[in-house]
Amino acid sequence: LVDPVATTTAVRVLELSDAAPTGLGIFFVWLGDVRVLLLVFAVAAHPRWLRALLPAAGIAALVPALAYAAYSSAALEGSSSLGPRWLYLTHEAFFVVLALGLRGIWLPERSALEPRVARFGSEALLYCAVYYALWALADVLILAGQDAGFALRILPNQLYYAFWVPFVWWRARAALAP
């Protein structure tokens, strides 16, 4: 609830700069990515889960930093028509790569993890890769002028906002129960 209020209403009421919604949006996207990576890293680091916070926050920061650098580079090369949707599309694509990379490389290297714990981390990363890929597809459609992209965004929004916690609870019970 804080995300839409901060990035729209608060920006207007406080008369913040035009860059504020984009900056605040990036912050909230980063925060959402931290929650995913913290979960995966904390499960892998159990019982010292607090050690997972810094790596989760740092790795989650790589994605928006790379996305913003790519977006800014393209804008500097004369693509003045690039709007914030391009920035988010870039972020979405990078996060899909990160999630699938962690799932395919980092988790298997954690051979000391119990198989059901590794499977839980793998499922969480795949779940996130799916909603990010759907967001990217929706943004591609929107950028192509297809209004169906706005309708498609409903699905990943629900996966992210409404179903993430129930998914984690359901899968964690199966994977982490004694």
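Tutor: Let's start with G149, which is found in helix α6 (residues 148-152); helices here are DSSP runs of H or I with at least four residues, strands are E runs of at least two, and both are numbered from the N terminus. This is a predicted model, in which local features need pLDDT of at least 70 and side-chain atom pairs count only at pLDDT 80 or more, while totals for chains, interfaces and linings use all residues. Residues are numbered from 1 along each chain as its sequence is written, and side-chain values use heavy atoms, with hydrogens and water left out.

G149 has a relative accessible area of 0%, so it is buried (buried means under 20%, exposed over 50% and partly exposed in between, with a 1.4 Å probe and protein chains only). Leaving aside residues up to four places away in sequence, G149 touches A138, L141 and I142, where contact means heavy atoms within 4.5 Å. Its C-alpha atom is separated by 7.5 Å from that of L137, which is 12 residues away along the chain.

Now step back to the whole chain. It has 8 helices and 0 strands. Of its 178 residues, 38% are buried. Among contacts between residues at least 6 apart in sequence, 65% join residues at least 24 apart.

Not counting residues up to four places away in sequence, E92 touches Y132, W135, A136, D139 and R153.

Y132 and W135 belong to one aromatic cluster together with F95, Y127, Y131, Y160, Y161, W164, F167 and W170. The chain has 15 aromatic pairs; rings of Phe, Tyr and Trp (its six-membered ring) pair if their centres lie within 6.5 Å, and planes under 30 degrees apart are stacked, over 60 edge-to-face and the rest tilted. Y127 and W164 make a tilted pair, 5.6 Å centre to centre with 45° between the planes. Y127 lies in helix α5 (residues 115-143) and W164 in helix α8 (residues 164-176), so this pair ties together parts that are 37 residues apart in sequence. Both partners are buried: Y127 has a relative accessible area of 13%, and W164 is at 5%.

R35 lies over the face of Y160, 4.3 Å from the ring centre, and the charged end of R171 sits over the ring of W170, 4.9 Å from its centre. For this, NZ of Lys or CZ of Arg must be within 6 Å of the ring centre and within 35 degrees of the ring normal.

A search of the whole structure finds 1 cavity of 30 Å³ or more, a cavity being a set of points on a 1 Å grid over the protein atoms alone where a 1.4 Å probe fits but cannot get out. The largest cavity holds about 40 Å³, a volume being the space filled by probe spheres set on points joined across faces, edges and corners. I26, V29, P64, A67, L87, Y88 and H91 line the largest cavity, where lining residues have an atom within 4 Å of a point. Helix α4 gives the largest share of that lining, 3 residues.

Technical notes. 1 Å grid on protein atoms, 1.4 Å probe; cavity = no way out; pocket = protein on both sides within 12 Å on 5 of 7 lines; lining within 4 Å.
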